[in-house]
Amino acid sequence: MLPGDGQHAPDATIMLRFACRRFDGVYMPDTGLPPPQMLRAWGLADARLSLLGSGLINRTWLVETGARRLVMQQLNPIFPPVVNEDIRVVTAHLRARGLIAPELLAARDGRYWQEYEGRTWRLMTWVAGTSHERITAAAQAQEAGALLARFHRALDDLQYQFRNTRPGVHDTPRHLAGLRQALAGHRAHPHYAAVRPLADEILALAAALAPLPALPDRFVHGDPKINNILFDPVSDRALCLIDLDTLGRMPLPLELGDAFRSWCNPRGEDEQDSAFSLEFFRAAVEGYASVAAGWITAEECNSIVPATLTIYVELAARFCADALNESYFGWDASRYPSRSAHNQLRAASQMAAARSLLDMRGAAEEVVRRVFPG
Ligand code: GN1
Ligand code: MG
């Protein structure tokens with residue numbers, strides 16, 4: 001599982017970009033390697049290791065042993081170890097339905113994860129694919145849409161009670177309350193004056209959005225942003241979804257809104273002047289419909305655009321709160337002077353894309369109506 005820009009091979013650029021991350025309040029240099037105890041646990045003492053990817057939560061290494069490539073991850077403590085049980089069940093189901101999914105590998109003691117010094121570690125198979133930090137062609141959006149629909153439909157008949165649940169993960173009022181709380185608790189923060197107007201703008205836009213209608217839960221990935229999809233490096237076909245710690249059940253529009261807010265922003269999450277691409281949205285919706293037409297309900301379709309807007313604002317609120325709390329999202333110390341600065345930019349970026357979608361909301365609704373008629 002190797003989110004990142006480019007091939008899933010050792011990449012000096014990727015290794016340097018996330019030079020420093022904070023976990024549990026401690027900044028640790030990302031030059032760190034998995035402890036030898038963890039490598040030995042899987043019989044990998046002599047493997048070659050390189051840091052992989054640009055996910056904001058877990059830490060990921062490519063493990064090369066002979067000609068074999070594997071992926072080792074240290075889970076962020078927000079995920080309990082038992083999430084790996086869920087991943088095993090879901091990935092087995094996906095593979096049984098003909099989809100590609102990374103496979104967790106047992107350690108020498110037969111267990112699928114190890115706990116060491118308060119951290120959870122796991123090893124999985126490597127999928128030969130590339131991840132993109134942003135979509136650069138409508139064909140990629142179409143591919144991503146079709147893959148996500150295959151993923152949803154493959155899980156539709158799964159009978160399973162998740163061991164790990166993430167209640168309130170898209171409870172937007174809760175995230176807005178988190179932002180208000182950060183503002184109230186960090187008045188003396190050195191960046192408070194810069195964060196305040198951004199926060200006010202987020203809260204104002206949130207207040208102007210109608211709440212989404214309650215809809216039934218479906219099995220979802222839970223974090224379908226673009227770099228959690230692997231593409232074939234040659235054909236650019238979407239191969240599989242990775243980073244499965246967020247698997248769960250939720251109303252489908254929240255999952256689709258989270259996907260489209262990411263895929264339809266060609267500038268990515270680190271650009272101030274992000275925008276919403278109607279062309280990519282059309283392609284993504286068409287890709288999704290190519291597999292999910294007749295399965296997705298009219299009510300779910302009607303909420304796609306409002307949910308996309310909602311997730312932009314919700315994610316902006318989460319980044320903005322972290323610009324003051326400085327405790328959650330990984331950040332790039334090689335490009336930004338502070339964790340706060342990086343998170344302010346990310347919040348502003350989500351808001352720019354949200355405003356852009358607001359400007360073309362009617363056209364986006366029309367795309368959904370045309371792709372999913374009646
Ligand atoms: C995080 O771990 P990663 O980078 O795939 C976050 C998502 C956000 C995303 C924004 C567990 O995803 O919710 O949408 O950053 N994951 C978690 O880039 O909070
Ligand atoms: Mg990821």
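A polar contact here means a pair of N or O atoms within 3.5 Å. Keep in mind that this is a predicted model, where local features need pLDDT of at least 70 and side-chain atom pairs count only at pLDDT 80 or more. Residues are numbered from 1 along each chain as its sequence is written.

Start by selecting ligand 1. An oxygen atom of ligand 1 sits 2.7 Å from a polar backbone atom of Leu 56. Now click Asp 223: an N or O atom in its side chain is 2.8 Å from a ligand 1 oxygen. Then try Glu 269, with a polar side-chain atom 2.6 Å from an oxygen of ligand 1. On its own, ligand 1 exposes 440 Å², and the protein buries 96% of that (Shrake-Rupley, 1.4 Å probe).

Next, bring up the whole shell. It divides into eight nonpolar, two polar and seven charged residues, with Asp, Glu, Lys and Arg counted as charged and Gly among the polar ones. Color by domain (bounds from an automatic or database assignment): domain 1 (1–129) and domain 2 (138–371) both give residues to this shell, so ligand 1 lies between them.

Notes:
Chains are lettered from A and ligands numbered from 1 in the order in which they are written. Side-chain values use heavy atoms; hydrogens and water are left out. A polar contact is a pair of N or O atoms within 3.5 Å; within protein, one must be able to donate a hydrogen and the other to accept it, and residues adjacent in sequence count only if both atoms are side-chain atoms.
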